[in-house]
Amino acid sequence: MTRPRFEELVGEALDEVPAELLGLMDNVVILVEDDPPPDEPGLLGIYEGYALTERGWDYSGVLPDRILIYRNPILAICETDDDVVEEVAVTVVHEIAHHFGIDDARLHELGWG
C-alpha cells in the first residue's frame, strides 16, 4: 500500500472519531512515519507528550504533542486492505486515548489494545 493511501486511511480513521472528542484534543499533531525506532521494530503507533490529565498550570509554550502512526509495521501484520483499514483505526484510537490519559491496561480491557 502506498504512503499516500495509508495517510488517507489515517485521515478516515480520524473522521470516525466523534467530533466532541476531537474538539477536546489540545496541542497535538498526528503524523505518519514509515518505521518506528530501531529498538522497537514492531511498534504500530506512539503518543509522545503530556496527556491532558498530566497538564498543570505550568503547561504552556511547549511544542505540540505527537501521535505517530507507523506504516510498515502495520502493513507487515495485515493480510488485506480491509485488515489495514481496521488496524489503522484501532491504532489511531489507541494513541488518541493516551492523549486523554488512558493507559494501555485500560485500553486492552476496552478492546482497543
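The model is predicted. The protein contains 5 helices and 3 strands, and along the sequence these follow the pattern α-α-β-β-β-α-α-α. The 3 strands form an open, mixed sheet in the order E1-E3-E2, and helix H1 packs on that sheet.

**Overall dimensions**

- The radius of gyration is 14 Å, which agrees with the value near 13 Å that a compact globule of 113 residues would have.
- The C-alpha trace spans about 45 × 30 × 30 Å along its principal axes.
- Of the 113 residues, 32% are buried.
- Among contacts with a separation of 6 or more, 71% are between residues 24 or more positions apart.

**The sheet**

- The strand order is E1-E3-E2, and the pairing is mixed.
- Strands E1 (28–33) and E2 (45–48) are at the edges and have a single partner strand each, so one side of each is left without a neighbour in the sheet.
- From one strand to the next, the twist averages 15 degrees.
- E1 and E3 (residues 65–70) run parallel and are joined by 6 bridges.
- Along this pairing, Val 28 stands opposite Asp 65, and Glu 33 stands opposite Tyr 70.
- Helix H1 (residues 3–16) packs on the sheet and touches E1 and E3; the direction of H1 makes about 150 degrees with that of E1.
- E2 and E3 run antiparallel, with 4 bridges between them.
- In this second pairing, Tyr 47 stands opposite Ile 67, and Glu 48 has Arg 66 as its bridge partner.
- E3 is mostly covered, with 5 of its 6 residues buried.

**The nonpolar core**

- In soluble globular proteins, nonpolar side chains tend to be buried together.
- The largest nonpolar core here has 18 residues, and Phe 6, Ile 74, Val 88 and Val 92 have the most contacts inside it.
- At least two residues of this core come from each of H1, E3 and helix H4 (81–99).
- H1 gives the most, with 5 residues.
- Beyond its neighbours within four places in sequence, Ile 74 is in contact with Phe 6, Leu 44, Ile 69, Val 84, Glu 87, Val 88 and Thr 91.

**Leu 44**

- Leu 44 is in the loop between E1 and E2.
- Its relative accessibility is 19%, so Leu 44 counts as buried, the cut-off being under 20%.
- Apart from neighbours within four places in sequence, Leu 44 is in contact with Leu 68, Ile 69, Tyr 70, Pro 73, Ile 74, Ile 77, Glu 87 and Thr 91.
- Leu 44 and Asp 81 are 37 residues apart along the chain, and their C-alpha atoms are separated by 16 Å.

**Arg 55**

- Arg 55 lies in the loop between E2 and E3.
- Arg 55 counts as buried because its relative accessibility is 16%, and the cut-off is under 20%.
- The side chains of Arg 55 and Tyr 59 make a polar contact at 3.4 Å.
- Not counting residues up to four places away in sequence, Arg 55 touches Asp 26, Asn 27, Tyr 47, Tyr 50, Asp 65 and His 99.

**Asn 27**

- Asn 27 is in the loop between helix H2 (19–24) and E1.
- Most residues other than glycine have a negative phi.
- Asn 27 has a positive phi of about 60 degrees although it is not a glycine.
- With a relative accessible area of 27%, Asn 27 is partly exposed.
- Asn 27 is among the residues that Arg 55 touches.

Terms used. Residues numbered from 1 in each chain as written. Predicted model: local features only at pLDDT ≥ 70, side-chain atom pairs only at ≥ 80, totals over all residues. Heavy atoms only, no water. Pairing = 2+ DSSP bridges. Axes fitted to C-alpha atoms, helices over the stretch in contact; angles between N-to-C directions. Contact = heavy atoms within 4.5 Å. Core = buried A, V, L, I, M, F, W, Y, C linked by side-chain atoms within 4.5 Å. Buried < 20%, exposed > 50% of the residue type's maximum accessible area, 1.4 Å probe, protein only. Polar contact = N/O pair within 3.5 Å; in protein donor to acceptor, adjacent residues only side chain to side chain. Rg over C-alpha atoms; globule rule 2.2 N^0.38 Å.
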